[in-house]
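Please have the structure at hand while reading.

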Amino acid sequence: MTAAEVADRSGIPEDVIVEKFGLRGKHIAADDEHVSDLSVRAAETLLTESGVDPKEIDVVMYYGSMWRDYSVWQSAPHIAHRIGASNAVALEYGNVSHGTPIALRFARDLLRAEDELKNVLVVAASRESYLLDYTNERARFMFNFGDGAVAGLLAGDVERNEVLGAHAITDGSYSLQVKVPGGGSVDPGGYRYLDVADPQSMKGGLDQVSLPNFLAAARGAVERSGLTMDDLAFVCPLHTKRSMFVALLAELGMREDQAVYLDDTGHMSGVDSLLGLDRAVRAGRVQDGDAVLLLAAGTGYTWAATVVRWGAAQ
């Protein structure tokens, strides 16, 4: 879906979509392509590229969008079955847009805590473009939502690509602002698209705390990694509006060539920062020994960061 198509559906001028939303276009799943399908494709591609037998996977952890194939359902067991991970335990949690930093933290901690576990396959997908009502002005900040999937394999017995420190901050006062209000036990038959309860209150509040909390999460993760902010070589943030992206880099003391900006995909729930890392590595933008910051935030509201030492430590 191009920026022009988003503009046509929403009534927002195309130049605003491109310049302010930071969106040239985004990917949309097919009508019959669901979160499990996207997850399986990402996982199978990863296992093929890495030469790993799916029967050797100990844990399959799904951490993507909570809007899955069915409303009350666990996707992780289905994904594990379809990829042939017959010896894996399936785990699932719903940390939505801040999913990647949390997933890497959880997987690292599992491997550290349980010696019998050799690896963890993390996988996330989002199909939340289908939750958008382009006529609802309250939800306009979510018009950048697109569809995609990512997978990562963490192993406890390798000396490359180490997951270092992690940190997160939650402000639960925003927990009821962004949601699909219908379909749950409060309102089983209500509005079935993403909505914002009080856009002005949310924007006014988040504008004050988002940047400081992004920075606090980043600094916490860096400090727990035994590093300083000057040691960061690259950052992979979630997709945000252009002004937030620029401000965040300025506060981190980083340049735009030290970051991935997903203006051709938009925001894909928990997918963004790991997909950004994948792109950066394949493009040769991340070098051996680089400290890479994966940074995200999600409704709830939680800001999360994890640092990865890519390649071998120098």
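Lys 203 and Asp 207 share helix α6, which spans residues 199–224. They sit four residues apart, about one turn of the helix. Helices here are DSSP runs (H or I, at least four residues; strands are E, at least two), numbered from the N terminus. Lys 203 forms a salt bridge with Asp 207, and the closest N and O atoms are 2.8 Å apart. A salt bridge is a side-chain nitrogen of Lys or Arg within 4 Å of a carboxyl oxygen of Asp or Glu.

Lys 203 is partly exposed, at 47% relative accessible area. Asp 207 is partly exposed too, at 40%. Partly exposed lies between buried (under 20% relative accessible area) and exposed (over 50%), using a 1.4 Å probe and protein chains only.

## Basis of the model

The model is predicted: local features need pLDDT of at least 70, side-chain atom pairs count only at pLDDT 80 or more, and totals for chains, interfaces and linings use all residues. Residues are numbered from 1 along each chain as its sequence is written, and side-chain values use heavy atoms, leaving out hydrogens and water.

## Pairs across the chain

Arg 24 forms a salt bridge with Asp 263, with the closest N and O atoms 3.0 Å apart. This pair links distant parts of the chain, 239 residues apart. Arg 24 lies in the loop between α2 (14–19) and α3 (35–50). Asp 263 lies in the loop between α7 (242–252) and α8 (272–282).

Glu 256 forms a salt bridge with Arg 242, the closest N and O atoms being 2.8 Å apart.

## The whole set

A search of the whole structure finds twelve salt bridges. Glu 49, Asp 278 and Arg 282 are linked in a network of them.
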